[in-house]
Every structure is written in C-alpha cells, then in structure tokens.
Amino acid sequence: MELRLLGPVEVWCAGRQLPLGGAKPRALLTALLLDPGRVVPADRLIEAVWGEDPPPTARAVLQTYVASLRRAFESAGMAEVIVSHRVGYLAEVPADAIDRNVFERHVAEGRQAAREKRLREASDSFHAALALWRGPALGGIGDSFLHAEATRLDELRLTVVEERVTADLAVGRDERLIEELTELVALHPARERLRRDFMVALYRAGRQADALAVFRQGREVLIEELGIEPGPELREAHELILRSDPSLLKPAAATPPAPTPAPAATSTSTGGGTGPVRQLPPPLPDFTGRDAEATALRDRLTEAGTMPICVISGPGGAGKSALALHTAHAITESYPDGQLHVELRGTTEAPATPEEVLGRLLRELEPSTAPLPATLEERAGRFRSLLAGRRKLVVLEDALSERQVRPLLPGTPGCGVIVTSRNRLAGLAGAAFVDLGVLPQPDAVALLARIAGPERIVPDSETARRIVRQCGGLPLALRIAGARLASRRHWSAERLAERLADEQRRLDELAVGDQEVRASISLSYELLPEPAKVALRRLGLLGLPYFSVWVAAAATETDLDEAEDMLEQLVDASLVGVEGVDVTGQIRYRLHDLIRLFARERAAQEESEHERTATVTRVLGGWLWLIERLSKAAPTGWIPLLSGFRLARPVDPEVERVVLADPHGWFRAEEEALIVAVELAAAMDLDEIAVELASALSYAFEGNQYVSDNPFAAWNRTHEAALAAARRNDNAIGEATLLAGLGQLYYERDLYAESREYLTQALSMFRSAKDVRGEATTLAALGVACREQGYLPESLHFLDRADALWAGQGDRAATAHVRRIAGSVRLEQGDYPQAWADLNAALLLYREEGSRRGEALTLRSISMYHRAKGELDSAERTAVQARDICAAIGDRLLEAYCTRSLAKVRLRLGRHDEARGPLQDALAVARDLSDRFGEACSLRTLGELDLAEGRLYQAKSHLEQSLELWDALRSALFRARVLRDLAQVHQALGDAATAEKTRAEAMEIFRLHGSREYGEPPPL
C-alpha cells in the first residue's frame, strides 16, 4: 500500500490506483493521513474539507465521504483503514506507507550522516528523499490548515534541495549542477545558500568571473527586494573566490545544517456631459394596488436632510420590482440629479460583484474618464465622491446580501436608495423595510382585468376570483395568466380557469416562498410548444445575463431562423425580454431573474445530465470557435498555451462574419456572458472546456487586445474559477495551463515577481506531465518577466531553453516570439551581431506566418537596434513601418510604444519639434490603459527631450516621475538609465557632486546587469 501526499493525493495498492472521488474526500483523507494513528476530531475534519464556511449538513456529508473512502479501500482488500471514534476518525496505516513519512525519514538520515561527515551517504539520502516528490504537496487541495501544511512541506522540499546540492558539492558530484543551479537561482533569487553553491560550482568549472557576477546580482536582489545585505556565508564564499582560494577546488567537508522546519499548520460629472443619468426602466402601466406600501416608501424617500434606504423584500413574484419602479418614478422631482438602476442578479449562479457594478456605474457617470480604480475600496470611494452633494436615486434590484449592497450605497445625505431582495437584509443599518405578501383579492382581480382586458374579465365574477386563487394572488403569476388570455382571443376566462384547475398542469400547489414563483411561471411554460420549452430550459441552465440568437441555436441544436422563432415565442409569452441591439447589430435577449431560476430548475428535472453537459459544451464550444477565428485573423505575436481548442464547435458563417467585422464591439458585448460561462462550466465540473475557454479569453485580454476597460479582474475571475475545477478533477495539465495564464496576468499588470512565482509553479507541473509545449511556453514567459526587471542572464537562460524545445515542435510563430525576445535581451547586453541575427530571423518567421502584430513588435525592436548603433535613418524608417502596422490593426498600446520609439529617433536626429506631440500622445495612451511600464518610458523620453532643449527643470520633473515608476516596478536596469539622464541634468544645473554620485550609481547597476551601457562612453 502506498499513500502519496507529495504531489496529487493518491492511494495505490498492488500496482493499482484507487478511485478516491473529488477534492473534498481527498481533503478528508489527507487530514487523517497527516496524523496517522491518532484520532482527528470531526470538527477538525470539517474544517479541512470546507474551511471556515461549512454547510449545515457538514457532519452528514462527512460520514458519506468516509463511507465512500472505505468502499474504495475495501475494493482493494484494505479493510479498517479509516476507524471510527466517538469524537472523530483515525487512519490505521503503517507509517512507511505514507510517502511524507518516508521523505522525512530520508531527510533525517541525510542530516545525521552530514553531521557525522558521512557526506556521500548524506547525498544519497537526500536524493532518495527528493525522488518521492511528484508535484506541489497535497496536490493544491484545501484552503484550511491543509494549505499551511502543504506550504510547510514545499518549503522543506526546497530546503532539502539546498542541502542535497551542498552535499553533492562536498563529495564532488558536480556533474549537471551548474545547469540545475542556473535554473534554481533564477527561480529563487533570494535563496542565499543556492547562490553560494552556484558560485562554488562555477568557480570549480574555471568560471571565476561568472561566479563573482552571480554574487553581484544576488546582492542587488537582496537589497532591492528585501532591503538587506548578503549574509556571512555568501560573503565568505565571495571573498574566497576573490582570493582564488585553492580550498574551493577540492570537495570540502561541508556539513549542511538542519534548519528548523516551519511548524505544522495547527468627478463631479452627472453623466457624460449630456445631463443627469436617468436609467429607470419604464413603470408598469397597469400597476395595481400596494397603496399603503407605496405611500410609506414615498414618505421615507422624500424626507429632507437624510439618506433614506428602503428595502423591499418578499417571495419571488410578489411584485418587488414593480413597486420599486412605481415609487421611483413618482418621486423623480425629489431627485433632480438623476436616477441609477442596477440589476444585482442575486438569484443567479453568478451574482454581480460590487466591483463589477461600481465599474459599470463609474463608466456611466464618467464616460470620458479612464482607467477605472483597481480595488473595490477605491471604486466605492470614487462612487461616493461623485454622488456627494447630489440628489440622486439609486435603485438596486435583486440583491443577494448586505455585503453585496453596502459598497453601492452613497455616503452623504441627499441621495436615496431602494433595494429589492428575496432576503430581508436586516443587517443594513438605518434601512426602512417593506415586506410584500400576496395581493388582496380585489387588487388581484383588478390587476388581472387590466392585463387581460375588462371585456375578458368581469371583476365580480366567480371565474375571476377562481383564477386569482389559482395564482395564489402573486402579481407575476397573474401577469403571465392575463397575458396568455389577452394573446389568445379565442379563449374565455372560463377556459383559462379550467386549464389552471388541474394541479398536474400547474405542477405545484401555490404555496409560500419560491414554490409560488415556480408555479406561477409554470403556467406560461406549460402553454409553450415543446421546442420553446427546450429553449427556455436550456437558456435558464446557461444563466447568461444577455444572449444573442446563435447562443439559443447552439443550445437547442437548431439553425438561426428556428432559434429566432422560438425566442420570439418566448418574448410573446413574457418569458424572455428584448434587451436591445448591440454594436454589431445583433438583437440581445435576456431572462428575468425569476424566470431564469425557474427554467434552470426545470432543466435539472427534465434534461438528463448528458443533455445539460452537452448544452453547455456546445455553447461554450461556439465561443471557443469564434475566439479561435479571431486569433487566426489577427495573431498577437504571443505564444498561446494551447495549440488549439479541442472542444471548439463551428457556428453559423453569418455569425462569424459579424464577429470578424467588429471584433472589439462583439467582445465588449459578450465579455460578461463569457465570464459567467466559464464560471458555470467550472461549477458543473466541466473542467476541460472551462480551462480551454479561460485560456482562450486570456488571449483576448493579453495586451488589451479586445478589451478597453481594465480586463484584469475578468482575467482573474475566469482563471480562478477554472483552476478550482481543474484541481477538483485532478486535471494537472489544465491546472498548469491556468497557473501559467495567471503568471501572464501578473506580467501584464507589471507585477513581475508575482508573475515569476505563478510561472514557476506551472513550469514544474508541465515538466512532471512531460508537456513540452507547456514547458516551452512557460520558459519563454519566464524569460520575458526576467527581462523586464533587468535580469538579463536569467532571461537568456530561460529563452534559450525555450528555443531549443520549440525547435523540435515545428511551431514557427512560437520560435519567432522567442527569437524576438532573445534578440531584445542581447541588444540590452550589447551583443549586436547575435541580436541582429535573432531579430531578423523573428521578422522573417512572423511575415511567413502572417502575424502583423508580431511583425510590428519585431520592427520596433530592429528600430531600437539601429538607434543603439547610431544608424538613425534606418531606425526612423523601421519605427515608421512598425507604427503604421499597429495603426492598421487597431492596437493602441503597441502603436503608442512604436510612436515613442519613433519620437526618440527624431530626438536623436535633432528634430525636436516632431517629437514632443507624439510623446505626449504615447504618455496619454499608457495612462489610459494603466500601462505603468509604458508610462515610465514615455516620461523618461520627455525628460530627454527637455534636456536636449535646455528645459532643465522640466527635464528633472519628468525624469523623477519616471524614476518613481521604475522603483515601483522594481526594474533596476531601466532605473539606471533614468539616473544617467538625471546626472546630466544635475551637471547642467551646476551640481557636479550630485551628478557624479548619480552617474556612479547608474554605472554600478549597468555593471551588475551586464548591460551595454557599461561599456559605452558617457553622454556628453
């Protein structure tokens, strides 16, 4: 029996892996195996499985998981592995059956041997210990104390790697150590012990200069990232190498210390300058009853000097929205600065987040202002500031909880708030509450008559009262019944009453709570033809906020004409609403939240699991196919993690034509639905298509390819949802793909250290799975992240390894990407011949692949090459070519980068009047798109221009702003270039001492990074 915790949690017996179920049973088993032979209380196990938010049925479900695990063990002849106890359970297993215990035993033996100078035995023990590992400890499951234990084990693993390297050096096992340590130091630049041993290995190989460079780079990392100097062991190794101490040339009796392991886890705009925002949907013209409630709301919402909050609560279908809109329209004169209206989608699978809602409101209140604040607190603060001193009414419909509502509340008197919710939201301090029940019979009969027509309903008739009773007095049920009667002129009221009398046709007795909603909606549903029923069920299953005809066609496996006919039937039945026409000219439909909930429940009852899965897979496959068409029509120049989308499904050619005609408009219209779709697939544990669609969306998010507003939250949402599903289903490739995607997300956000952390995790998993494409793509991404922080040798290490892997894959676009980045790194180092070779090879490959964006990226790099060589005419020509391509493909950000490169060439040519305007435009684009890297580059170039024109104080201001950004980005090499420019400014201002000090600091950074500037003559 083998119980494996050092990687994905697995149990093997007689060469066969036992099925353990999903993530929760595995978390339960893990908690027991971490403390074998000891009773683990049930409360502790519940925490391991559900964290801090267990369901009310946690204990019962826990027993179910125990039973399923026992069956799995018994099927392999392993009885009594999990033993019950009055307070919990314990795992009765041999200690050596758990790989964690074997690992720790090998480690203890290795450390004991090291202390006793038996260094070869120590090395053997450490090798045996590390051979047990198959990936991150505990397979990434658990958000409770299991996460802390996994972190402890992963840290211990890295410590043992350090001890093993030291032991290998001590006994002369130097083979392949340099290659291994190159990667380890690049992945863990602040681990001093690894860096020390790397220096020793390099020195023994006759590479003294490289060993000293490794020390200098390590010192810079420690100072910049941790604010500390190297420790004594690293400094001692440095001094010995400086002295060429011969003791380093032979194996030393190094004794790896046994560190103490970590403890086990016990504006003022009112709306675009065109007047106040008035978003209220029209009130229902046939609103009936609720006189007392409406009066109470009006009185409360028109109180002077207050910020009234009114919560309308009640069961689904009670008319909360109708009352809210009726009241809101009645008091518009009390709120002259406008009315805001938001659907919070509290009854859906994906309720609107406060961040999402505030983003929409801020865009509508300030349509010309960008970018949006990044955090919830910043968005809420900005929203409150915009409403301060105003009299605006905010209507929040279908709220889920107090937590969802609080960030959306104004902060000062003058504004009013109406909230509708199925929950009472008693935690909203200071709110007035109106609870709605059913309509009194006279009001209910009047409502039915107003909808169906007075000639169809006789108010005092028994038939009318009978229909009201059958509808339970719920306004939504009455509206649907009245609409059907009004649209079927050949029906009489008696005929409708007869149809409603059959409880089997109503499906439920009308009762309290949600049952009322389901029964009232089912009245209309049962009158639909079967194809329309299928459409409603499947659209409800998808739960999308908005959708177009092709989505319905994919859900129902029909063509566009049939799907549109079914949707119009649903519109006529008041089960589907028309949201409007989007920018691509497509009609967009929506389901009311209550009807969407009903339809989803009916899908669960009437559609098999296979049909539900197939529906979601078809629709998401259609999105995959469209995004794949977009990627082929306009390649980005980046390497996609997946070579293709296996689950992509073709859609109607007319849909493709519309999408390709306006990809930006289409993507903005679809973005929210795409995010909800990924979350739905993840919730259904359809991990493969969730991974594919999340990965496909990252292509669109990358470099703001199709999304103009801040895409980072959406990128993160889709990846985190799909990542959880991949982990629940032990989809290692999917998990690695999403971790790499998150690494690229943090790169796009200029958070390079965090990017490297995610990419490192992904690299390990791709290698374990022997996924060469994933490994090569991640290596290339690590190379790019290292380049941005000036870690040039490390960048080339990753890029050269990626290039070698791609050479065997035949992917020309990927090879072009790697060669372009490598060429730019070698240009930074001053290796002009190889940089030229790399960049020209990349340009040829991009042109053969038809990647206009890749061609523009490479031309920009070639322009920078010519500029560095002083070939300014060639630099100008290629920069113009790059800029024109970017303008043609509509890439604002890359066009700004090329514009800045062109301006810099013209600055060097002395044509200053042609540089300032384009530079200011490039700076504006960088700020508009939250690109701090581009902003810092633009500010520096403006400073250079000011300096050339003798505007010394303006130059100093621009350069100091740039310097602050490079400090924030932790990009030392780019910081040094600004320091060199500032030294010239200080010199021109007569401050020779400051100039010399600043110049010296810059030159030291150039020296440490091995950049070309260190060998260049200082600027005049």
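Colleague: How many helices and strands does the chain have?

Modeller: In this predicted model, the chain has 44 helices and 14 strands. Its radius of gyration is 33 Å, close to the 31 Å that the globule rule gives for 1020 residues, so the chain is as compact as a globular protein of that length. Along the principal axes, the C-alpha trace spans about 110 × 85 × 55 Å.

Colleague: Let us turn to a single helix. Which residues of H36 are buried?

Modeller: The general idea is that an α-helix has 3.6 residues a turn, so residues three or four places apart point the same way. In H36, the buried residues are Tyr-832, Ala-835, Asp-838, Leu-839, Ala-842, Leu-843, Leu-845 and Tyr-846. These buried residues pack against helix H35 (812-829) and helix H37 (852-869).

Colleague: What span should the 18 residues of helix H36 have, and how far apart are its end C-alpha atoms?

Modeller: At 1.5 Å a residue, helix H36 (residues 832-849) should span 26 Å, and its end C-alpha atoms are 26 Å apart, which agrees. Just after H36, Gly-850 takes a positive phi of about 75 degrees.

Colleague: Is Lys-770 buried or exposed?

Modeller: Lys-770 is exposed, its relative accessible area being 71%.

Colleague: Please move to the strands. What is the order of the open sheet of three strands?

Modeller: Strands of a sheet pair through backbone hydrogen bonds, either parallel or antiparallel. Here the order is S4-S6-S5, and the pairing is antiparallel. Strand S4 (40-41) and strand S5 (82-85) stand at the edges with a single partner strand each, so one side of each is left without a neighbour in the sheet. S4 pairs with strand S6 (residues 88-91) over two bridges, and Pro-41 stands opposite Gly-88 in S6.

Colleague: Which residue of S14 is the bridge partner of Gly-580?

Modeller: The partner is Arg-588. Strand S13 (residues 577-581) and strand S14 (residues 587-590) pair in the antiparallel sense over four bridges. S13 and S14 form a hairpin with five residues between them, and Gly-585 in the turn has a positive phi of about 90 degrees.

Colleague: How many disulfides are there?

Modeller: The test is whether a pair of cysteine sulfur atoms lies within 2.5 Å. By this rule the count is zero. For Cys-898, the closest cysteine sulfur is that of Cys-886, at 3.8 Å, which is too far for a bond. Cys-937 is buried, with a relative accessible area of 15%.

Colleague: Which residues does Pro-354 touch, not counting residues up to four places away in sequence?

Modeller: A contact of this kind requires heavy atoms within 4.5 Å. Pro-354, which lies in helix H13 (residues 354-365), touches Leu-376, Arg-403, Gln-404, Pro-407 and Leu-408 under that exclusion. Pro-354 is buried, at 12% relative accessible area. The C-alpha atoms of Pro-354 and Arg-379 are separated by 9.1 Å, and these two residues are 25 residues apart along the chain.

Colleague: Is Arg-977 buried or exposed?

Modeller: Arg-977 counts as buried, at 6% relative accessibility. Arg-977 lies in helix H43 (residues 972-988). Leaving aside neighbours within four places in sequence, Arg-977 is in contact with Glu-828, Arg-940, Phe-1006 and Glu-1013.

How values were computed:
Residues numbered from 1 in each chain as written. Predicted model: local features only at pLDDT ≥ 70, side-chain atom pairs only at ≥ 80, totals over all residues. Heavy atoms only, no water. Buried < 20%, exposed > 50% of the residue type's maximum accessible area, 1.4 Å probe, protein only. Expected span 1.5 Å × (residues − 1). Rg over C-alpha atoms; globule rule 2.2 N^0.38 Å. Pairing = 2+ DSSP bridges.
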